[in-house]
Amino acid sequence: MLLGEQEQLLSYNGEVLVFQLSKPKHVEGAADKTMNLCVRRMAFNRDTKVFVQKSSGAFSMHASHSKIEMICCSCTTDSRTGIILPCILMKKKKRSNVKYILLLLHSSNQFEQSFHFKLDYELKEDIRLFAGPSVLWRHANKLFYISSNTCIVQSAPLQLSSVVWTGEIVGEGAVVLGIRTACLLESEDADEFSISDKAIWGSEFFGYAIQTQKMLTGTCFMPHAYSRVVSSVYVCKSERLKKQLRISLVAITHKNQLIWFQNGLPKGVCELPFEKPHSVKTAGTSSNDLLFIVSFASGNSCVVQRRDSLQVASKYQKVKCVLVDDFIGSGSEQLLLLFKDDSNTDVLSTFKITDLGGVDYASGINYKHDVPATEGLQENGLLTIQALETRLKAGFTSVRELQQHLELQKRVILESCRALIDLVEERTHILPKAEEVKCRRWYRSLLSLVSLWDDVENPPHSLSKEPSVVPKVPEHFTEKLWQRVMGDSLVVGVKLTESFHWSLNDVSLSLVMDQGFSSISPIIKCQSKVIKLNKAFSALSVSSCQIEPPPKKIKLDLRSKGDLKKEFPKRPSGVHLDGAKTVIAVTSLSPLLAFHRVCCAVLLHAKRRKHGNDGEQESKQITVLCGRILLSLEDISNGKFSVKMLRDNSYCTGAMEDILAVLATAVRFSFQIMSSDCTLTPVNSWLLGEMECTPFKECHDNIFCHKAGNVYGTVFNWSLKNPFEGVLTIFCRNLTVLFQCLHSLTRVLPPNCSVKLLRSGRKSVLTEQLALALEKEILTSKNSFFSKKSKAENSLTWGNEAGKKIDNGPLASLLDTEEGVQQFRKKLQNEREESVLSMNQTVNGALYQKITLKIADAQLSSDMIVWRLS
């Protein structure tokens with residue numbers, strides 16, 4: 001660039017217009033009285049991948065005793081024809097005044113002077129060109145403008161501190177968005193504002209329609225609180241719905257942020273990677289993405305994408321300018337980034353064209369010698385995008401099919417729940433007719449319904465038949481059905497008769513809503529928990545569902561028991577009491593109360609033990625109806641099912657149902673406390689004193705905390721092994737309560753005391769259980785493979801043929817004669833063959849599977865206890 005030249009760049013119809021202002025070549029003896037404004041139309045050549053000049057033009061201006069400069073350039077609408085044309089604002093400065101000239105550039109490269117005006121000051125702040133063509137600027141906190149229609153400088157009746165955007169808004173014409181000092185109402189006094197109010201409301205955002213001279217409320221663009229930080233705005237979309245103006249715009253702030261506003265409310269924000277942003281513009285790409293291009297005072301730029309959220313997609317440094325247009329003729333917009341290059345005088349020598357997608361051209365690559373390869377890469381890129389779009393459409397189709405499949409599953413599950421209720425209540429379940437079912441796949445699925453609780457021992461039966469799979473149970477197998485409310489939990493208990501209780505295994509409860517809700521599943525999910533009490537109530541333990549230990553060996557477990565534990569970890573659980581024979585289920589209360597009044601059927605699931613002919617115990621899955629419970633908001637509000645724990649002569653009184661409800665909803669933690677040089681008497685004093693605990697009247701070893709606050713309702717069990725060692729078990733609502741209890745306990749314990757968290761159970765009890773489990777594992781293996789009776793009954797095939805019986809006479813009598821010796825030799829040979837064949841016994845696959853399952857079940861029990869001991 002030669003000395004004295006000025007340069008401006010503008011994109012127009014896919015071309016780059018390069019405006020240069022320079023003096024003509026100097027001729028000796030001639031005075032420099034003219035300046036030439038030259039324009040070059042540069043277009044991108046897709047073959048050579050460089051910018052080439054298509055045409056040029058020039059405009060000469062008399063420059064005697066004046067200084068000519070280019071102020072700014074832009075593309076605006078010519079009001080005479082409605083055509084958008086490039087326009088350039090020129091300044092001719094003399095000693096006494098300043099003259100400004102607005103030029104229009106036509107397609108023939110001819111310049112036209114639209115109008116000119118004179119001022120006694122220079123334009124320096126917020127100069128904008130807009131439709132007309134018109135010029136707008138700010139001077140001394142006042143807004144001035146002039147258009148080609150009037151050619152007279154006019155001022156707006158308002159004070160403003162900055163202009164952030166000018167452009168067209170639907171129904172308002174040319175609009176100026178700016179920031180001004182907040183206008184107070186007449187009844188308000190500025191001195192009455194607090195410091196924070198001044199900081200927020202000291203300025204406001206506003207809009208001003210030039211043609212109608214009307215003020216627009218700033219809140220339809222953005223909240224007033226943002227007016228102190230916004231530096232530039234770009235209005236992306238404006239429309240009127242029911243006479244209400246709706247605006248979408250993006251703004252940059254002094255806090256290095258880009259904020260998206262929709263109808264006056266912020267919808268997204270993005271942190272910018274550089275400091276001091278000064279302008280923002282938009283670009284629409286071929287993938288229908290809206291890009292925001294932010295320019296910074298340091299010469300850097302970044303591109304922000306708006307998808308699910310605003311994110312910086314790319315950033316660039318040492319950028320001279322960024323232009324947006326369709327430079328490659330693809331029908332969508334691209335970004336043209338021109339970089340600073342001191343080594344080259346051509347402004348278009350170092351560039352990059354991109355849309356952050358399939359278009360990416362850059363200077364510095366020799367495309368001339370490798371045009372076919374480059375075109376192949378570009379073509380491959382477009383083909384890849386098309387293939388990805390096809391895969392995306394296929395993915396949408398798969399999602400729709402999956403949604404239809406899930407809807408089908410939902411219908412089948414709801415019909416299965418209705419069939420289950422009819423099955424338990426011994427009613428015949430009638431499937432919907434084919435003409436009533438819109439989906440043929442649904443009807444076919446209903447025809448093959450089986451019980452939700454799978455029983456591999458019984459073949460599936462059609463639900464349309466009589467429920468012959470329900471085992472016969474005693475008429476009076478339940479003594480009591482009760483319910484309690486603990487916080488947001490519902491506790492339901494079933495007290496079983498003793499004779500019925502001892503014949504059951506794996507007992508659990510389920511709650512099924514007895515109302516016809518068509519949109520939800522009537523099966524209620526219950527929390528798994530097991531509580532055990534002995535007859536004397538001298539010991540208590542609670543165990544919740546634990547994660548199974550890592551298997552030490554692969555075991556075959558095809559029964560439903562193991563699969564249900566892993567697939568449904570929150571399956572209802574059993575609570576076994578040797579004396580009370582009670583089964584408990586815990587579930588969330590709030591989802592049920594959403595229906596205001598709910599009636600639930602209580603189902604008991606168990607495996608009933610029976611003795612086979614060989615003395616072994618077999619189990620059969622049963623599901624029986626225990627009764628119904630009724631829940632209503634009115635009863636809950638009146639405290640009908642609340643737990644009542646009161647003090648009575650230093651005892652905690654409460655029904656056994658209340659005690660079980662507290663324990664069922666609590667989390668159990670056991671701690672081993674050991675002291676090497678002091679006794680642990682302070683623990684008991686801490687429980688009875690600071691924690692205000694009283695023992696249960698029915699169970700003295702377990703004490704209830706009456707202390708006000710979060711710890712109220714916590715249950716403790718303190719057991720001393722010796723004066724220096726004991727186990728403290730805490731039943732609390734959550735971890736916060738546990739930490740509060742431990743924090744209080746550590747303040748009273750001896751200094752050298754150690755507290756260790758026990759995983760589950762006492763070591764002595766677990767050791768005894770491990771011995772019994774190992775014994776059961778050994779007996780199971782022995783009875784499966786070495787019982788002669790099982791060999792005969794289970795069709796173990798031995799290799800010996802049905803031989804002839806040999807007389808078992810005295811050995812001496814056989815050896816006296818030659819015939820006896822031959823008979824003894826034959827007998828010995830038969831026994832030898834039988835022994836060899838017995839080592840190669842075979843068994844069929846079904847029997848081997850049954851034996852393996854029995855052994856695996858015993859091994860899993862022993863492995864679980866070993867894991868708990870470790």
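A residue counts as buried when its relative accessible area is under 20%, and as exposed when that value is over 50%. The exercises below apply these cut-offs to a predicted model.

**Exercise 1.** Work out which residues of helix α9 are buried, and how they are placed around the axis of the helix.

*Solution.* Begin with the helix itself, which covers residues 681-688 and in which Val683, Trp686 and Leu687 are buried. Next, look down the axis of α9: the buried residues lie within an arc of 95 degrees, and therefore they line one face of the helix. Then turn to the other side of α9, where Thr681 and Ser685 are exposed. Finally, ask what the buried residues pack against, and you will find the strands β42 (693-695), β43 (702-705), β44 (715-722) and β45 (725-732), together with the helix α10 (735-746).

**Exercise 2.** Decide whether Ser332 is buried or exposed, and describe its surroundings.

*Solution.* First locate Ser332, which sits in the loop that runs between β25 (319-325) and β26 (334-339). Its relative accessibility is 11%, and because buried means under 20%, Ser332 counts as buried. As for its surroundings, the side chain of Ser332 makes a polar contact of 3.4 Å with the side chain of Ser330. If neighbours within four places in sequence are left aside, Ser332 is in contact with Gly284, Thr285, Ser286 and Asp326.

**Exercise 3.** Find which residues touch the most other members of the largest nonpolar core.

*Solution.* This core has 29 residues, and those that touch the most other members are Leu490, Leu496, Leu504, Leu509, Val602 and Leu604. Among the elements that give two or more residues to this core are β30 (489-496), β31 (504-513) and β37 (597-611). A second, separate core has 24 residues, including Leu680, Cys705, Phe716 and Leu745.

Note on methods:
Residues are numbered from 1 along each chain as its sequence is written. This is a predicted model: local features need pLDDT of at least 70, side-chain atom pairs count only at pLDDT 80 or more; totals for chains, interfaces and linings use all residues. Side-chain values use heavy atoms; hydrogens and water are left out. A nonpolar core is a set of buried Ala, Val, Leu, Ile, Met, Phe, Trp, Tyr and Cys residues joined through side-chain atoms within 4.5 Å. Buried means under 20% relative accessible area, exposed over 50%, partly exposed in between (1.4 Å probe, protein chains only). Helices (H or I, at least four residues) and strands (E, at least two) are DSSP runs, numbered from the N terminus. The arc is that of the directions from the helix axis to the C-beta atoms. Contact means heavy atoms within 4.5 Å. A polar contact is a pair of N or O atoms within 3.5 Å; within protein, one must be able to donate a hydrogen and the other to accept it, and residues adjacent in sequence count only if both atoms are side-chain atoms.
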